[in-house]
Amino acid sequence: MKTGVRLKLLRRSLRERRVLAHHVREIKVPRLQPDGEVVDEKTLGLVASVVMACPSLEKLVGFYPVYGHSFDRLTYALSTRPRLKEHVWIIGENSAITERSRKQVPPGLMDLEQVDQFLHFHDAWDSLSTLFLFSHKQGVLERDIFVQTLHRLPSLQHLCISNFDMDDFDDVTLQLLPPLQSLRLQDLAGITFWGLSEFSRTRSNQCIRQLSLVRLDIKYLSAISNLLLHLTSLQRFTLVQESSPEVAVGELVFQPIVASQQLRYLHWEILLPGSGNENLANSIRAGGFPNLRTIRAPSDHDGLLQMVCRPRAQIILPSDKYSKAYRATDESNLSGLARTLFTARKQAQKRIEDARKAAMYRVIIEEDGVVHEMFDIEGYMGTVESKITYTLDSDIPGSDNALIDVPDLVDGSKEVNPRDGCTGMWNASHHTGKKWWNHTERYRYHPVNLQRFF
């Protein structure tokens, strides 16, 4: 079957049945090229023609080509869909911008035509509520363009910004973000603890309900404390980084060091040991999180956070025993510095089983000085009166990583297959002839909900 035949058949059906086309809200386009490779103009034009046939389109799913600040038909077609509700920008390199960057420093790397073209793509997106901006191989989107773009989207509520250079997105840009409900900041070298502290005090940010800080290397715990204290609507908070945020030298602190009256879900993932886990556990004991109901801590050194949660009888999953990563982790390798969920669950289960070995209470039934029976009540890992559930489940079922990431969204390596598994023609050349032909199932695409990123 030739590449794109299914899309051409779909396009013909939509053009012939205009009433049906008006009801199309979402299109799943098959991956026609490996991740990161430039999509040829013919393929982009074919997908664009399908998009143009759907006037009420809200989502284009599973097909995220790299945008290199040059015109393409698909981006233009999407820019004309007024009901579009979500869009993923993967900003790639541009040869002209790269050449200018060798002779001058930002801003001004993008010329006026590139700036106007990118901004005008957003003019009709009054209904857009979810936007992803991801830099691929040092793609450039300058600071002023960020601000102007985001303020052109009146319905924007969920925003993810990832992998941009400090010249493109920094503390100043952070303060100029529009009011949002969900925000994810990831791999941004220009964001500092000072910028996050100032961001928490901005009145327009009080409506944020979900905040994710991924690999920003926050040095001081005070920045996190300010965020949790001042963002009064925050219900979900995610922190992922290598080093542990510490209390600044000479800073006077009281328990609870970090606190939030509204927070209900906390993902706390700090790979290297430090005082961060201990300070969080002490803050929970001091009543700093009265409404917290779920903690996910893949890097829970010594089980400090597991101890302040409700006891669990078992935390490993039935499917773990079939995992190579789980079986390969022996007792001597449980160092506490691994971030994989299989290792984290094995560590947590070991703590549960070790606690059971020691008797917490002993019940003695005695009558007239004679002991009739004696019972030992096994110990447990956790706090009985706690309302917090300790979980080590992944955002994507079966994944070894707790937190969903950009590659989970854009990676289409399993779907891109040179063999046409749908018809069986890939093995038609076998020497035994047609008797050997067989049908193989096409890879089943698993949709990724963009809301999981928050």
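**Exercise 1.** How many cavities of 30 Å³ or more does the count come to? Find the residues around the largest one.

*Solution.* Before starting, note that this is a predicted model, where local features need pLDDT of at least 70, side-chain atom pairs count only at pLDDT 80 or more, and totals for chains, interfaces and linings use all residues. Residues are numbered from 1 along each chain as its sequence is written, and side-chain values use heavy atoms, with hydrogens and water left out.

Step 1: the count gives one cavity of 30 Å³ or more. Here a cavity is a set of points on a 1 Å grid over the protein atoms alone where a 1.4 Å probe fits but cannot get out.

Step 2: the largest cavity holds about 50 Å³ of space, a volume being the space filled by probe spheres set on the points.

Step 3: its lining residues (an atom within 4 Å of a point) include R184, R236, T238, Y265 and D395. By class, the lining has four nonpolar, one polar and five charged residues.

**Exercise 2.** Which strands sit at the edges of the open sheet?

*Solution.* Read off the order, β3-β4-β5-β6-β7-β8-β9-β10-β13, with parallel pairing. The edges are β3 (86–91) and β13 (389–391), each pairing on one side only.

Notes:
Pairing = 2+ DSSP bridges. Helix = DSSP H or I, 4+ residues; strand = E, 2+ residues; numbered from the N terminus. 1 Å grid on protein atoms, 1.4 Å probe; cavity = no way out; pocket = protein on both sides within 12 Å on 5 of 7 lines; lining within 4 Å. Nonpolar A, V, L, I, M, F, W, Y, C, P; charged D, E, K, R; others polar.
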